[in-house]
Amino acid sequence: LIKKGMKAIVFQTLMFVLPFLLVTVFCSDGISRLFLDSEESIHYAKVFMSFCMPFVLFNSINNLMHAVFKSAGAGMQLVISTVIYSVSRILYSYLLYGKFKMYGIYAAVVLSWITEAIYGLIIYFSGKWKSEEYRLAENN
């Protein structure tokens, strides 16, 4: 059941995220100017949309893994995944801000999404998220 759900979620994510992603990346100037009036703010918004948004697919993987862990009753994996994201975001921000300033913070966002996605995928494909009840139901 989860494998069927995964296929549907991946398809839905691509259908809903990709159009938004393409508009955001290629129209970042116009979108920024709709909401901001400071040139510095517009610059950073455009950089965020151009640099970070293409990596939002990693964040979609994280949302997918959270849904799997929640639905399968793997609360501990969900907590660990969330802690990995939070700690990596703080660590990457600390390490990158000194040299790269705001761009380092943007890179920290992306790297923390990737770090959590790697963890989630490793746990998913290893099957460590499956409870004993899930394994029994899966075999029937």
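Visitor: Is the crossing of α5 and α6 left-handed or right-handed?

Guide: Before the answer, a word on the source: this is a predicted model, in which local features need pLDDT of at least 70 and side-chain atom pairs count only at pLDDT 80 or more, whereas totals for chains, interfaces and linings use all residues. Residues are numbered from 1 along each chain as its sequence is written, and side-chain values use heavy atoms, with hydrogens and water left out. A crossing is called left-handed if the near helix is turned anticlockwise from the far one by less than a right angle, and right-handed if clockwise; the crossing of α5 and α6 is right-handed.

Visitor: At what angle do helix α5 and α6 pack, and how far apart are their axes?

Guide: Helices are DSSP runs of H or I with at least four residues, numbered from the N terminus, and axes are lines fitted to C-alpha atoms over the stretch in contact, with angles from 0 to 180 degrees between N-to-C directions. Helix α5 (residues 75–100) packs against α6 at an angle of about 155°, the axes being 7 Å apart. That makes α5 roughly antiparallel to α6, a label for angles over 145 degrees. The residues of this contact of α5 with α6 divide into 17 nonpolar, eight polar and two charged, where Ala, Val, Leu, Ile, Met, Phe, Trp, Tyr, Cys and Pro count as nonpolar, Asp, Glu, Lys and Arg as charged, and the others, Gly among them, as polar.

Visitor: How do the axes of helix α1 and helix α4 cross?

Guide: The axes of helix α1 (residues 2–26) and helix α4 (residues 56–71) come within 11 Å and cross at roughly 150°. In consequence α1 is roughly antiparallel to α4, and the crossing of α1 and α4 is right-handed.

Visitor: How many aromatic pairs does the count come to?

Guide: Rings of Phe, Tyr and Trp (its six-membered ring) pair if their centres lie within 6.5 Å, and planes under 30 degrees apart count as stacked, over 60 as edge-to-face and the rest as tilted. By this rule the count is six aromatic pairs. One of them is formed by F48 and Y106, an edge-to-face pair with 5.2 Å centre to centre and 65° between the planes. F48 lies in helix α3 (residues 39–51) and Y106 in helix α6 (residues 102–126), so this pair ties together parts that are 58 residues apart in sequence. With buried meaning under 20% relative accessible area, exposed over 50% and partly exposed in between (1.4 Å probe, protein chains only), F48 is partly exposed at 26%, while Y106 is buried at 8%. Y124 and W129 form a stacked pair, 5.5 Å centre to centre with 5° between the planes; Y124 is buried at 11%, and W129 is buried at 3%. Ring pairs also link F51, F55 and F58 into a cluster.

Terms used
Helices (H or I, at least four residues) and strands (E, at least two) are DSSP runs, numbered from the N terminus. Angles under 35 degrees count as roughly parallel, over 145 as roughly antiparallel, 65 to 115 as roughly perpendicular and the rest as oblique.
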